[in-house]
Amino acid sequence: MDSFAGPFVRYRVTPPVTDFDELAASARACRACATVLPVEPRPVFQISPTARLLIAGQAPGSKVHASGVPFADASGDRLREWMGVADAEFYDARRIAILPIGFCYPGRAKSGDAPPRPECAQLWREDLLALMPQIRLTLLVGTYAQRDALGPGKMRERVGRFRDFLPDYFPLPHPSWRSHIWMRDNPWFEAEVLPELRAHVRGALEAET
Ligand code: SF4
């Protein structure tokens, strides 16, 4: 359920900031929803203007909030395995950007983490993406990222017809502990989707500019 309590302060500058470092610094210093988050805002993302592959995630969990390193948790281990990349490549911001729908840990809900803060994508996403023109492929990791890019729809169905969204997007389930059960119930994901995912990740990372 959306826990947005609004109103919130708009930090977005109009017209949009076109200097990459300035915009990234503003996003890292953002406190727009400090009054509604259960902990101090700590925006966690990884970006550069030369990135080829974008991982569009959901929001940091508590471990990532503590470390400040995106996907430095069991979900990240699983995602790297799915993608077929080692830590060094995953954390090379020159090639891989990691931009969740919400940059800060949103706290807990009844069954898992709360949804990403809705104001975050409104404030930052479009302007940051505009300054990463070399992105070849975006991995839509989980329902929130898929909804943001593709509109309403069912996650399982989208993952099953991932080819329909190429070459721009590759929809994936969120690699949380629940994905273990999801993969058991959907064995086609490991057999058919993951080999294609690894090939497309490699293709995006090694594409000529
Ligand atoms: S979640 Fe996004 S909008 Fe909210 S404080 Fe963090 S960076 Fe700012």
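Start with the residue classes. Ala, Val, Leu, Ile, Met, Phe, Trp, Tyr, Cys and Pro count as nonpolar; Asp, Glu, Lys and Arg count as charged; the others, Gly among them, count as polar. Keep in mind that this is a predicted model.

## The ligand and its shell

The ligand sits in the largest cavity. Around the ligand are Cys30, Arg31, Ala32, Cys33, Pro41, Pro43, Phe103, Cys104, Cys120 and Leu123. By class, this shell has nine nonpolar residues, no polar ones and one charged.

## The cavity

A search of the whole structure turns up one cavity of 30 Å³ or more. The largest cavity has a volume of about 110 Å³. It is lined by 16 residues, and the closest to its centre are Cys30, Cys33, Phe103, Cys104 and Cys120.

Helix α5 (residues 118-130) gives the largest share of this lining, four residues. The lining of the largest cavity splits into 12 nonpolar, one polar and three charged residues.

## The largest pocket

The largest pocket holds about 990 Å³ of space. Of its 38 lining residues, Gln58, Asp113, His174, Ser176 and Arg178 are the closest to the centre. Several elements give two or more residues to this lining, including α2 (62-67), α3 (74-83), α6 (143-150) and α8 (178-185). Strands β3 (108-109) and β4 (112-113) do too.

What classes make up the lining of the largest pocket? There are 19 nonpolar, 12 polar and seven charged residues.

## The annotated domain

An unreviewed UniProt entry lists residues 44-198 as "domain: Uracil-DNA glycosylase-like". Over residues 44-198, the chain is 43% helix and 13% strand. The end C-alpha atoms of that stretch are 25 Å apart.

Technical notes: Residues are numbered from 1 along each chain as its sequence is written. This is a predicted model: local features need pLDDT of at least 70, side-chain atom pairs count only at pLDDT 80 or more; totals for chains, interfaces and linings use all residues. Side-chain values use heavy atoms; hydrogens and water are left out. A residue is near a molecule or strand if one of its heavy atoms lies within 4 Å of it. On a 1 Å grid over the protein atoms alone, a cavity is a set of points where a 1.4 Å probe fits but cannot get out, and a pocket is an open set with protein on both sides within 12 Å along at least five of seven lines; lining residues have an atom within 4 Å of a point. A molecule sits in a cavity or pocket if more than half of its atoms lie within 2 Å of its grid points. Grid points are joined across faces, edges and corners, and a volume is the space filled by probe spheres set on the points. UniProt positions are given in the numbering used here, feature names are shortened, and annotations may be inferred rather than shown by experiment.
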